[in-house]
Amino acid sequence: MRNARTRILGLGALALAVAALTPPAHAASIAYIENGNVWLSSPDGAKKVQLTTNGTVDRPWLGIAQSATGVTAAAYSVPGTEGQARLVRFKLWDALGKEVLDSSLPSRQTPNLASAPLALEISDDGAWVAQEYSYCNGFGITYCQTISRGAWLGQTSIASVLDAVDLSSMRQATFFGRRMVSSDGSSIRVQNASGTIPGSSTVYDAPLVTDAADWIPPYGSGQHNMRADVPASGGKVAVEILVPGATPKNRVIVMSYSGEIGTSPPDEPNGCAMGGASVSGDAHSVAWSPDGTKIAWRDAQGLKVAGAPTLPWPSLEPCAFSSPAVLISGPPADPDAKDSTGVYLTTQGPSFG
């Protein structure tokens, strides 16, 4: 009884602490991984809550994502199951920090061990979770001559017992509502609002759609648009660009757009590049607050949050942030998942809710 009472009091204290992060209406919190564990923070870094305690630097939680409604999802591996995507677990917490699900992270059986999650995202309404995967095809001398990449998608409302929906080629995906904004390794694409999935002629609504339309092409020869994030309120996009051989090689461009997402190109001439004194080295893992008033990213110094860049702004000049950058978490994330391709791990946050 005493242990049960202690646990109840501990959960109550956690719920109060998490609730204290966001007392005003529409206030935001930031989910991230620090020293192997899951944390939530207010955007100014003044209030922080640690959601997990079993992670370590050598054995960290594998991914973190937060929905616009405040649902937090995080993935972890059971000892002895490293590299086995179907055995990766994930937990969900509601907006008050109460654990509501401990299940398998949606995935599929693959012919070879899959690297996953390379990215972890949750839809704006908290109903869907997606993880990026990568695995080699072939065996023996033909092993890894081709690589399968994409996203596995599943619902968060029920424990995962079935194969995930396979959305091939959707890499480094983020969500705008329930539509996925992803990269094909070069251009940014936006998932169609409705369509079909392989093996079915039934028309589904996003995210159960395999078709996507090109939205933002590369900005120059040899450059790659690796990832993009759009706030739940829409109207702005932050694009992570890889420029091989440059210093820094990973950059973030912030632009506005008009109309429905994906239907017209962003306003590049009046956008800005994140840099200057606020950014140290490569900028990556960019995330908007749901209302688009704040922006977060990681660089060589750690996880930072600033007021949204001022738009319109002269192109290619460093962004002017509407409020100064604040360092939330000092330890830098693992800087590069695969150095040969320059793809950053986007599993450690930040993720706004």
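Predicted model: local features only at pLDDT ≥ 70, side-chain atom pairs only at ≥ 80, totals over all residues.
1. Start with the overall make-up.

2. Next, look at how much is covered. The protein has 353 residues, and 50% of them count as buried. Its accessible surface is about 15300 Å², and carbon and sulfur atoms account for 55% of that area.

3. Contacts along the chain are worth a look too. Take the contacts between residues at least 6 apart in sequence: 49% of these join residues at least 24 apart.

4. Now zoom in on strand β6, which spans residues 88–93. Is β6 mostly covered or mostly open? Five of its six residues are buried, making β6 mostly covered. As a reminder, side chains in a regular strand alternate between the two faces of the sheet.

5. Which strand pairs with β6 over six bridges? That is β5, residues 72–77, and the two strands are antiparallel. To find this pairing in the model, look for S77, which stands opposite V88 in β6.

6. Strand β6 is also joined to β7, residues 99–104, by five bridges. These two strands run antiparallel as well, and here L92 stands opposite L101 in β7.

7. Finally, follow the chain from β6 into β7. The two strands form a hairpin with five residues between them.

Key
Residues numbered from 1 in each chain as written. Heavy atoms only, no water. Buried < 20%, exposed > 50% of the residue type's maximum accessible area, 1.4 Å probe, protein only. Contact = heavy atoms within 4.5 Å. Areas by Shrake-Rupley, 256 points an atom, 1.4 Å probe, with all protein chains shown as cover. Helix = DSSP H or I, 4+ residues; strand = E, 2+ residues; numbered from the N terminus. Pairing = 2+ DSSP bridges.
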